Amino acid sequence: SPWADQLAMAEALGGRFVYSRKPPPALIAASSSDWDAVRADLRATLAASRGCVLELVMKDNHTLGGGPRNLVEWVRICREEIDRAAG
């Protein structure tokens, strides 16, 4: 849930279970998405889930704000932020 305490979830799951994070779809559902907010959300998740097995799932986007490239951009940013966090 977007309202879950990410740090508490990561501590409870540890490395024993997959931490399946579903970011708020509204972040990329607008015609002009706030990519800084996307990065901030991802950074918070990556910081909280350090040491966990993490999967990121973007779901519940039916229109993507009329811009299907929003999903492509989200994946690109995810990869950048994962690389940054691992570096």
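This briefing walks through the core, the strands, the salt bridges and the cysteines of the structure above. The model is a predicted one. Its largest nonpolar core has eight residues, two of its strands pair in the parallel sense, and the count of salt bridges comes to seven.

**The nonpolar core**
- Ile-28, Val-38, Leu-42, Met-58, Leu-64, Trp-74, Ile-77 and Cys-78 make up the largest nonpolar core.
- Two elements, helix H2 (35-48) and helix H3 (69-86), each give two or more residues to this core, and H3 gives the most, with three.
- In soluble globular proteins, nonpolar side chains tend to be buried together.

**The paired strands**
- Strand E1 (residues 18-21) runs parallel to strand E2 (residues 53-56), and four bridges join the pair.
- On the way from E1 to E2 the chain passes through H2, giving a right-handed β-α-β crossover.
- Arg-21 stands opposite Leu-56 in E2.

**Salt bridges**
- Arg-21 also forms a salt bridge with Asp-41, with the closest N and O atoms 2.8 Å apart.
- This pair links distant parts of the chain, since Arg-21 is in strand E1 and Asp-41 is in helix H2, 20 residues apart.
- Both partners are buried: Arg-21 has a relative accessible area of 5%, and Asp-41 has a relative accessibility of 14%.
- Glu-80 and Arg-39 meet through their side chains in another salt bridge, at 2.6 Å from N to O.
- That bridge ties helix H3, which holds Glu-80, to helix H2, which holds Arg-39, across 41 residues.
- Glu-80 counts as partly exposed, at 34% relative accessibility.
- Within helix H3, Glu-73 and Arg-76 lie three residues apart, about one turn of the helix, and their closest N and O atoms are 2.5 Å apart in a salt bridge.
- Glu-73 is partly exposed at 24%, and Arg-76 is partly exposed at 37%.
- A network of salt bridges links Arg-39, Arg-43, Glu-73, Arg-76, Glu-80, Glu-81 and Arg-84.

**The cysteines**
- The count of disulfides is zero.
- The sulfur of Cys-52 is 17 Å from the closest cysteine sulfur, in Cys-78, so the two are too far apart for a bond.
- Cys-78 is in no disulfide, and this core residue is buried, with a relative accessible area of 7%.
- Cys-52 counts as buried too, at 17% relative accessibility.

Definitions and conventions
Residues are numbered from 1 along each chain as its sequence is written. This is a predicted model: local features need pLDDT of at least 70, side-chain atom pairs count only at pLDDT 80 or more; totals for chains, interfaces and linings use all residues. Side-chain values use heavy atoms; hydrogens and water are left out. A nonpolar core is a set of buried Ala, Val, Leu, Ile, Met, Phe, Trp, Tyr and Cys residues joined through side-chain atoms within 4.5 Å. Buried means under 20% relative accessible area, exposed over 50%, partly exposed in between (1.4 Å probe, protein chains only). A disulfide is a pair of cysteine sulfur atoms within 2.5 Å. Two strands pair if DSSP finds at least two bridges between them. A crossover is right-handed if, with the strands pointing away from the viewer, the path from the first strand over the helix to the second runs clockwise. A salt bridge is a side-chain nitrogen of Lys or Arg within 4 Å of a carboxyl oxygen of Asp or Glu.
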